[in-house]
Amino acid sequence: SDPDSPQLISNNNASAWGLCTAGLLWFTILPIASPYPLATVPTILGKRLSRPSSAFTFLSAVSAFCLKESAESGAEDNQTQIQRLRKGLMIGSSLHLLLIMLKLIGVDGGGLLIPGRGLWEVYPAMLAVP
């Protein structure tokens with residue numbers, strides 16, 4: 001079979017979106033089902049916001065699932081709704097990764113690169129996880 005065939009590419013995209021859906025669902029359930037301090041690890045938002053942020057992670061999982069379904073059905077890539085979902089998921093994920101990097105670097109009072117105890121004082125529960 002041709003490795004560049006549209007059907008094979010669509011199946012690969014559907015598999016990737018399915019994996020994204022599973023990962024986002026895991027990050028949705030982990031803060032809710034886990035005790036502290038483990039519940040603070042996926043979002044790195046601290047004790048107060050780690051569980052409420054699961055709602056936004058669940059919305060991302062639903063978006064990834066919709067993208068998986070559209071890839072499986074062979075929907076056209078030029079559809080406005082699919083492009084918006086893809087772009088929104090990309091922007092949200094990128095901003096979250098940027099937030100995590102900035103927090104670990106120590107922008108909010110010290111961390112791994114910037115001197116200070118901010119990361120250890122603001123997120124002691126998260127840093128207590130081995």
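Guide: Of the 130 residues in the protein chain, 28% are buried. Here, buried means a relative accessible area under 20%, exposed means over 50%, and partly exposed is anything in between, using a 1.4 Å probe and protein chains only. Keep in mind that this is a predicted model, where local features need pLDDT of at least 70, side-chain atom pairs count only at pLDDT 80 or more, and totals for chains, interfaces and linings use all residues. Residues are numbered from 1 along each chain as its sequence is written, and side-chain values use heavy atoms, with hydrogens and water left out.

A bit of background before we zoom in. The protein chain has six helices and zero strands, so reading from the N terminus you get α-α-α-α-α-α; both kinds of element are DSSP runs numbered from the N terminus, with helices being H or I of at least four residues and strands being E of at least two. The chain exposes about 8500 Å², and 67% of that comes from carbon and sulfur atoms. That area comes from the Shrake-Rupley method with a 1.4 Å probe, and for residues only the protein chains shown count as cover. Take the contacts between residues at least 6 apart in sequence: 46% of them join residues at least 24 apart. A contact just means heavy atoms within 4.5 Å.

Now for our spot: helix α3, which covers residues 54–73. Let's begin with the way it packs against helix α4, residues 80–105. The two pack at an angle of about 140 degrees, and their axes are 10 Å apart. Those axes are lines fitted to C-alpha atoms, for helices over the stretch in contact, and the angle between N-to-C directions can run from 0 to 180 degrees. What do we call the way α3 and α4 sit to each other? They're oblique, because angles under 35 degrees count as roughly parallel, over 145 as roughly antiparallel, 65 to 115 as roughly perpendicular, and the rest as oblique. The crossing of α3 and α4 is left-handed. That word applies if the near helix is turned anticlockwise from the far one by less than a right angle; clockwise would be right-handed.

Which residues do the touching? On the α3 side you'll find Ser60, Ser63, Ala64, Cys66, Leu67 and Ser70, and they meet Ile82, Leu85, Arg86 and Leu89 in α4. Sorted by class, this contact has six nonpolar, three polar and one charged residues. The nonpolar class is Ala, Val, Leu, Ile, Met, Phe, Trp, Tyr, Cys and Pro; Asp, Glu, Lys and Arg are charged; the others, Gly among them, are polar.

Let's pick out some individual residues of α3. Lys68 lies in this helix and counts as buried because its relative accessibility is 14%. Leaving aside neighbours within four places in sequence, Lys68 is in contact with Ala14, Trp17 and Gly18. Ala71 and Ala16 are 55 residues apart in sequence, yet their C-alpha atoms are 9.8 Å apart in space. Ala55 is another α3 residue, but with a relative accessible area of 45% it is partly exposed. From Ala55 to Ile29, 26 residues apart along the chain, the C-alpha separation is 9.9 Å.

What about the surroundings? Helix α1 (residues 6–33) holds Pro31, which is buried at a relative accessible area of 0%. Not counting residues up to four places away in sequence, Pro31 touches Ala39, Pro42, Ser50, Arg51 and Ser54. Over in α4 there's Lys103, buried with a relative accessible area of 12%.
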